[in-house]
Amino acid sequence: MKAMPENRPDVRALGQPRKGGALLRAFRNRYLYLMSLPFVAWAFVFTYLPLWGWLMAFQKYNPKLSVWERDWVGFDNFRMLFQDETFYLVMRNTLAMSLMSLVAGFTIPILFALLLNEVKNMAFKRTAQTISYLPHFVSWAVVAGIVSKMLSTDNGAVNDFLMGIGVLSEPVQWLGKGEYFWGIVTLSDVWKETGWNAIIYLAAMAGIAPELYEAAKVDGASRLRQMWHITLPGIRPTIIILMILSIGNLINIGFEKQFLLGNNLVVDYSKVLDLYALEYGIKINRISFATAINMFNSVVAVFLLFSANGLFKRFTKESVF
């Protein structure tokens, strides 16, 4: 007697997408897509729609005329930009402070998150974490006032402390010396953002399986070894993704810190690309020149982002896209 065939799925069809699978998934997730629409609209209106303004970099700007009625000057604004000696001074300051902030802004929050993750007293841990990220919500105007007061030659906390322990014999005008400016800006930024930047690393550490730590304890691993062999590898993808995004924004460091902490004595060390666009472009009504500066900034940022993403994807197998 011939056996009846069993109702088994077609093996050849396994792993192949069904017809209409993408539409079906979109229908099932329709509420998620609807929730994301306001953010997509915001990104389009404030990020992509203004790109038409890049046309001004190739024109002689005149607010009385429409975009298509203005005189076209080609790459003249870019030629003036690359022939200006101040531009290279500005790029030096921008890259120097960006690299210092990149190194310090990555290592210190990771170390802080590792140490905070090892704290077993939950009340102390929550209190320390709350206090550490509160400076993030303080404006740079307030932070600059605090830093200026602490570094002041008139009863400044830093000078008083260093003179008290015998390191200095007289007060130092820290904000009046250009060689100290980059370090002051970097340390101020680290103090303000360390707690906030550590939050994402703590969240990544919370996703590491506790069984890994228990197995390491059974094998006799110390807490330092557990951090090195379990915690750090567990947050490695997060570190790499944030590193790629930070490299992409290497020259987009803003100007608030430099503008508020800078002065005429350190102008050769405090002027960055955004300040350069403000002072040599917008303030003197050279709108086309300022647009060329910002266009150069954006193109370099995109190039750095794709380059960093490609390098990390090749050597670490981790990437943003």
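Modeller: Contact here means heavy atoms within 4.5 Å. The model is a predicted one.

Biologist: Among contacts between residues at least 6 apart in sequence, what share joins residues at least 24 apart?

Modeller: Take the contacts in the protein between residues at least 6 apart in sequence. Those that join residues at least 24 apart make up 65%.

Biologist: What is the radius of gyration of the protein?

Modeller: Start from the reference. A compact globule of 321 residues would come near 20 Å. The C-alpha atoms here fill a box of roughly 105 × 65 × 35 Å along the principal axes. The protein has a radius of gyration of 27 Å.

Biologist: How far apart are the end C-alpha atoms of residues 95–119?

Modeller: An unreviewed UniProt entry annotates residues 95–119 as one of its transmembrane regions. The chain there is 92% helix and 0% strand. Its end C-alpha atoms are apart by 36 Å.

Biologist: Is Ser-132 buried or exposed?

Modeller: Ser-132 sits in helix H5, residues 122–133. The cut-off for buried is under 20% relative accessible area. Ser-132 has 14% relative accessibility, so it counts as buried.

Notes: Residues are numbered from 1 along each chain as its sequence is written. This is a predicted model: local features need pLDDT of at least 70, side-chain atom pairs count only at pLDDT 80 or more; totals for chains, interfaces and linings use all residues. Side-chain values use heavy atoms; hydrogens and water are left out. Helices (H or I, at least four residues) and strands (E, at least two) are DSSP runs, numbered from the N terminus. Buried means under 20% relative accessible area, exposed over 50%, partly exposed in between (1.4 Å probe, protein chains only). UniProt positions are given in the numbering used here, feature names are shortened, and annotations may be inferred rather than shown by experiment. The radius of gyration is taken over C-alpha atoms; the globule rule is 2.2 Å times the number of residues to the power 0.38.
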